[in-house]
Amino acid sequence: MSPMTKDATVYWKSLEELRAERHDSSSRRDEFVEPLPWKRTTGARAFQASTPPADPAVDGASRRDFLALMGFSLGAAACSRGTTQHALPFVTAPEDLTPGVPNWYATTCGGCSASCSVLVKTRDGRPIKIEGNREAPLFGGGTCAVGQATVLSLYDGQRLRQPLWRGAPASWQEVDEKIESQLRTTGAAQGRITLLSATITSPSTRDIIARWSRRYAGFRHVVYEPVSYAAIRRAHQTLFKRAVLPHYRFDNAALIVGLEADFLGAWLSPVEFTAQYARRRRPGRSMAHHVQFESTLSLTGANADVRHAVSPSAIGHLAMALLDRVSSADREPFAADMSLALAASELDALADRLLRHRGESLVVCGVQDVEVQTVVTRLNHVLGNIGHTLELSPCSFQKQGDDEEVATLVEQMQRGDIQALILYGVNPAYDYPNQQAFLRGLERVALSVSFADRVDETASHVHAVCPDHHYLEAWGDAEPVTGSFSLIQPTIAPLFETRAAQDSLLKWLGEAQDFHAYLRSYWQRNVFPLQTGRRNFEEFWDGVLQAGFLNAPVPVAATAALSGPVVATARRARDGQPRELRVGTADRFELHAYETVALRDGRHANNPWLQELPDPIAKVTWGRGLAIAPAVADRLDLQDGDVVTVTGGGVRVELPIWRQPGQPSTTVSIALGYGRTGAGPVGNGVGTNAWRFLGHGADGLLGLHPTVVALEKTGRFAPLAATQTHHSMEGRPLVREATLEEFLTDPGAGREAPEALPSLWAEHEPGSHTWGLTIDLSSCTGCSACVVACQAENNVPVVGKEEVARGREMHWIRVDRYYQGPASSPDVVFQPVMCQHCANAPCETVCPVLATVHSSDGINEQIYNRCVGTRYCENNCPYKVRRFNWFTYANNPRFDFNMNSPLGTMVLNPDVVVRSRGVMEKCSLCIQRIQAGKVAARQSGDSIADGQIQTACQQACPAKAIVFGDMQDPGSQAARFRQSPRHYHLLADLGTRPGVGYLTKIRNREARTR
Amino acid sequence: MTSAPRHFLVATFSNEDALRAAAREVRDRGCRIHDVYTPYPVHGMDELIGIRHSRLPVATLVGGLAGCATALAMQFYMAVFDWPLNVGGKPANSTLAFVPITFELTVLCAGLVTAAAFLTRSGLVPGASTVPFADGTTEDLFALVLRSRDVTIDVAEAGRLLLESGAAQVVLKDVSR
Amino acid sequence: MLRFALVGSLVTGAALGAFAIRAVSRVGSNQGYSPRQPIEFSHRLHAGESQIPCLYCHYAATRSPHAGIPAASVCMNCHGLLTTQTAEIQKLKESVLQQRPIRWVKVHNLPDLVHFDHGQHVRASVACQACHGPVEHMVRVQQRMPLTMGWCLSCHEARGVGERGQRTDCVRCHY
Amino acid sequence: MPGTARRTLTPAVECARPVPLRPAWLEGSLALRQISDDIALPLSARPGAGWFVCIAVSLTALAVGVACVTYQIATGIGTWGLNKSVGWAFDITNFVFWIGIGHAGTLISAILLLFRQHWRMSINRSAEAMTIFAVLCAALFPLIHMGRPWLAFWMMPYPNSRGPLWVNFRSPLVWDVFAINTYLIVSLVFWYFGMLPDFATLRDRAGAGGKKRIYGLLSLGWDGSQRTWSRYETACLLLAGLATPLVISVHSIVSMDFATSILPGWHATIFPPYFVAGAVYSGFGMVMLLLIITRRVMHLQRYITLAHLDRMAKITLLTGSLVAFSYASEWFMAWYGGNADERFVFVNRATGRYAWAFWTMVACNVVIPQCLWLRRVRTSPAALLPIAILINVGMWFERFVIIVTSLHRSYLPSSWVMYYPTSIEIGTLVGSFGLFFTCFLLFIRLLPMIATWEIKGLAAAQARGRS
């Protein structure tokens, strides 16, 4: 029997009842084998796999997929004697798979090293949707955009179908033999074997690696992260003799000071932090205050109550100044030589505020500089935050990059001292600043092996590529934070001839055991003892598999004593800083590089959902521009899209500029994660590779060190595709806000008098439900996870850069972002907008063919197959939420994204049709989920409980800002929100009477004078 | 459908004044004028040949009413009785919204019925054969036709009379239709 | 004579109109469709004479939107024991031996734009025959019902499914 | 014997003397036969070079249009420049433009008939033809602007297999379907009725052969009997009486596509009269354009005189002033209504990214026509021709401004976008002109482009008026 299916039968029948079912081995054998007849076929054959002839599922699923492939052309014509359709049943019926009924599996997201617990929805053996695991305390049940999109990466056509040896397809046997023999000789010769891996949060994998070091004397494990967070760990090393990454607890912080750390967007563990942050930012007396110092406007900065635009090099001084103020009475005048946008008095005020919140404040810094991080850590220590708002035990394992090791490794490689190099989850040839050095070194390595899932920039230079599973096909475990364990289980049999990296590692160690068995034994040995709940390991294992995670009690270690005097550190820190960067002149700017919310470090660059996801701030898709302050752009006479050459630090790149409000005038910011060349057709050539600006600093740390760049206008124009081109609300009361004081005195503050518009017509008596949605603008951080979630749930097509530039993106939900106030330091508001499901919908009245009408339970129905495409509804929709199929987006070579490949279409949700050309579509409030919920309720006989039906956007939201519910049920949270004094309707004065409502945004700060 | 020969006295004139005069003359002599054929409508002839007022307006009215009724009935049946839907929160019976279509169908039916009535009443149908009493009545000739049976005076006398009153020529035709 | 022509044309026009109306109201219906199947499986024999309940083979119909066409293994539950041997049964056994699924031809094809949930209807104790006709009397299955939207609605109307408003909610079936 | 003649004549003349005709609508005195000779000439004679040049240009334009539409229907509406906020642009602009053109024809043939305006007689036939061709062009656009044009018949309520599912009688688009079809059918009937006597004339002129048979069929056996004539005139009056409210209703309904919407810049109660005025305005612009050229190319100066042009110019001036007044009141209401969004849209029209379109419209529709106050301009074809063209340009831009500037700046600034037409859209517009002029050029060759029988009556009356 195939190993990876063992015990995999523990799955969730539904989200609600987490009842594990055990099956005899026969059904176990079938579970993954039968639904996927292509399991042992080559890629080419795998392609016909999802078309009906090979599809095991009987009716609907296969039929839907078939039509999805056909671009729904059949369904489009209302009347047509369809071509003969075949139905292929299983040969042997699997007992736990009913065609048309989804199965749920708990696993751990492999999108990034944050390792969130997630649930995977599979239909007919295909994973089609990722959901946050609501039971997992650490991550709070939300997901991020990347996590949502990982399911599409599973069906990425670029994935390798089988291992490669020197670029040529080979069998696992050959590859193994070659590698093993090479390792044997190397081992015998005490040669240096290095495993260069990304952060590994999997304890069992680390255990396997430990075996390697025991086995081979010359073995070394180097963790490489392009963005390594090493400075933080080093700072703790200096101060507490413990090189740990603290576990931040924003939910304990009443005062948050962010220093160039985008912890809501792309920093360390955004989902976890967003959940904590949102919990602590609920309007009320305990609402946290958030001050952000940063250069480019980040998602986090956009959510801050007070934001100061400063150049990166000033962060150190700031931290220093704060430390001075909180630690000692002697407050030396604040260094004025820094181009800072804030006065010393403001700094004093902040220092006082910090002191007032001893033990419940948190200073978090993202600068890759040991000195600065030391100061920050010291600051937190002085404020008594250690152990409260940031814990050293439990600590975070989510980033473990060791930059000096990497530097030495590259040197050794170049010297030819490395005999064998195994690359696991890393792509240095793309994101290592000195790619050339690395590649030169790679050439001198006798045996180089990569576990890459595709022939990426690095894998194209190695001897052997041993493709790893996608995490949805693999076994595994993770321990993102001490004591928080979670399991990874396969939700589908491997699509291709891939093999888990751990299996490869074990195999080459000569271990007979496969990784699944190894994992179990590891947990039996190391994790099982940690808990007391379950006696029997089998029970325990099943329990964890179905829950997906385990929280083991963590011995809270007393924080080690400080070492080294405060001031010394302080001085060092300050001296470590560049006193003066001559910047801000016509062509000299300080450079700042950042990871984007959608692409992070660029490993998912070939994922069309992420490429088309509008950046929460810039609203730009398919690549990013060089962020530059509008004032400066005017001075240099630069328009959005004007291509400039950025020269500095021996690097020279060309990219278009983007006028970014809130950008300090001294700084330009460039996005990391773009400019891939080995990602695949979707990601290649999108944007510019900015990693080369980074480098190893004097302290050996890998990061962007203060760099001055010169800009030069090329005269070329490369427009960026933005989904929002106007950034002011024009004084219209769209997003309504109030300050905390105002809110505390009057909960309805900031919201105009409730509109009670009489309707000209008699009410239609409502049905048994009235579905509605409420969105808390105070909680919404704008992270855009909902956008991708909706796209995944509702088969929303990707249209590509040109179409987006024409204003034709298809997203059913968008997050409007408006700037208020001066362009130098604007306030930012986010407003998710989807179909408002108006009771008096303007779109319905004008549709000639009744293709959009109102359902008895308050939904604005859009019936695709009735639509003839006059677009009158689009014109008459005041919210502009309707999306038109301008072309055939499915199975159309012109739109060569996931919907154009049989493999990619496997991600489609069989419960939602793929829309044909020429029809209008829009948010349906996830009607398929509502119907399923109704059916389930009718089956179980009881009424639909609040929260039982969740829309995709709601389920994805890490901040729990979106709430769906029955407005007729006074107990439902949605109804309670609607009763809230903060509740208002968008454009209510039009009398559309929407079913979607918003709660005012509350800022925890003094009212800004406008 | 008798094939018995019917004798007609056909006088042609070169202008409408002569025609009108002649018509008056023969009418005063008590002859019933069978018909008059002209290239364009000559006013003031109707009472001379005794054409009563046309009842076409009645047809128009009937057509209009029919169209109006049909339109209203259709819309009420379809939108109110057969399949009421909640469209933009408006009541199923949004009578005001039915007005435009009602009006259009009223006009359409009225127009078509009028046209049909005119054609049928005048026997104008595709392929209808015509035997003109005189050539050129659609060009520039004005023909006055007396049916010999209706000529109360002697036919020759009538001919002379017509010639006197300006007829270019007078012929006696027997037309068997 | 002219009048005759008029009356005649009116009458023929009315007749043609009536015919056209009837014709368009059947558009899209595959009523009467009865394709050949790879295995000449007789429902009359199994469901009729042998009285095998529909849900024995189409077991998914109670809990899934799709009734499901039984796997060959389900057939083998009986045919593994039965000794009768025919050419048709041979085909079945071969497919099992070679683990190759049988390419049945779908008879009742709803267009992709409508979601029909078998489970919902079966649980509401709607007889299978209500939509599939007297399958137990058919040797080769044939689509007896029009399976048009109007036909669905008329049944819902007759059985009074939901309140009037809900009955005509488009998104109950179309999404 | 003149004596008797005089004696008998006078009373008759007394009783039937028509109102003296001033000015003379026909140049010189024309024998009746002469008239039909002149008018029938183009139907038999070989077309001149001018006509061939025109038809060549028109056919080329038509071909371009056909190519564009074919490509668009095969590929998708995406080949147009529309987007998430601007769902209509060139398509509906052209639709409203062409429908408007049509209105002048009906006005001339119906309303002026009711007002017993003799001068309409020389131009009503071609004006009606223009109406029909314009409505055809107009009807084209609602069809091709659909995402799935092949399902256009769903706009009609017909029994179907879906329940049956009917249409939404609240939607102005459905009103359009009925209005336009009614307008087309009634106009066709009216047009054909007008030609009945002429077909008879042609039938009798034609020697035996195919031509005679065709005209024979078309003339439905018309023999010019007095009984038919009198009934005929009643029928025409009735049809005119029906067409008059119809023509007003049609453009009112078209304007309701916008007026009943919720969009600032569209949602205006003044639209129906505003649109009707604009329609007649642009229509007369087109009539002048056509007739100035035709009278020259077809040598019909004697029938379509400068006096005709003068009258048409006067009506153009009148309707133009109505349009200008509508603009003014629109702006006034935007300001006086105090609705911020409405106000914004109008300010944006005059100062925003599409200001050029707005000012083109104002220049062409408000400023230029002021020249028509001068009699010398009104009676000079050379001066009227460019004005007529500019008026049509202006009226096209009026619709463009109304549609696009309102859509591209609606309620939520997050959805504000720009619209840029594609070559396909421009090609389709060109094509519609090609279709229109092709039809018209064929018309003046195949059908009597002047109502012969009416002119004959007029000529006779004029002759007696002189005597």
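Where is Pro394(A) placed? Select Pro394(A) and you land in strand β14 (residues 390–396) of chain A; strands here are DSSP runs of E with at least two residues, helices are runs of H or I with at least four, and both are numbered from the N terminus.

Some ground rules before moving on. This is a predicted model, where local features need pLDDT of at least 70 and side-chain atom pairs count only at pLDDT 80 or more, while totals for chains, interfaces and linings use all residues. Residues are numbered from 1 along each chain as its sequence is written, chains are lettered from A and ligands numbered from 1 in the order in which they are written, and side-chain values use heavy atoms, with hydrogens and water left out.

**Stay in chain A**

Next, pick Glu260(A), in the loop between β10 (255–259) and α9 (270–280) of chain A. Its phi is near 50 degrees, a positive value in a residue other than glycine.

Now show Arg499(A) and Asp176(A) together. They form a salt bridge, with the closest N and O atoms 2.7 Å apart; the term means a side-chain nitrogen of Lys or Arg within 4 Å of a carboxyl oxygen of Asp or Glu. This pair links distant parts of the chain, 323 residues apart: Arg499(A) is in the loop between β19 (484–488) and α17 (501–509), and Asp176(A) is in helix α6 (residues 172–188). Over all chains, the structure holds 64 salt bridges.

**Into the largest cavity**

Here the largest cavity has a volume of about 120 Å³. To find its centre, select Pro614(A), Lys619(A), Thr723(A), Arg814(A) and Val815(A), the closest to it of the 16 lining residues. A cavity is a set of points on a 1 Å grid over the protein atoms alone where a 1.4 Å probe fits but cannot get out, and lining residues have an atom within 4 Å of a point. Points are joined across faces, edges and corners, and the volume is the space filled by probe spheres set on them. Strand β33 (residues 814–820) of chain A gives the largest share of the lining, three residues.

**Where chain A meets chain D**

Colour the two chains separately. The contact (heavy atoms within 4.5 Å) takes 55 residues from chain A and 55 residues from chain D. About 4,400 Å² is buried between them, with 55% of that from carbon and sulfur atoms; buried area is the accessible area (1.4 Å probe) that two parts lose on being put together, summed over both. Highlight Arg732(A), Tyr872(A) and Arg917(A): they supply 16% of the area that chain A buries against chain D, more than any other three residues.

How many salt bridges are counted between chain A and chain D? There are three, and one to zoom in on joins Lys84(D) and Glu809(A) at 2.7 Å, N to O.

**Last stop: chain D and chain C**

In this contact, six residues of chain D touch nine residues of chain C. The two chains bury about 520 Å² between them, 69% of it on carbon and sulfur atoms. Select Pro159(D), Ser161(D) and Arg162(D), which supply 73% of the area that chain D buries against chain C, more than any other three residues. The salt bridge count between these chains is zero.

Finish at Pro164(D), in the loop between α5 (124–144) and α6 (172–205) of chain D. A cis peptide bond joins Gly163(D) to this proline, with omega about -10 degrees.

Notes:
1 Å grid on protein atoms, 1.4 Å probe; cavity = no way out; pocket = protein on both sides within 12 Å on 5 of 7 lines; lining within 4 Å.
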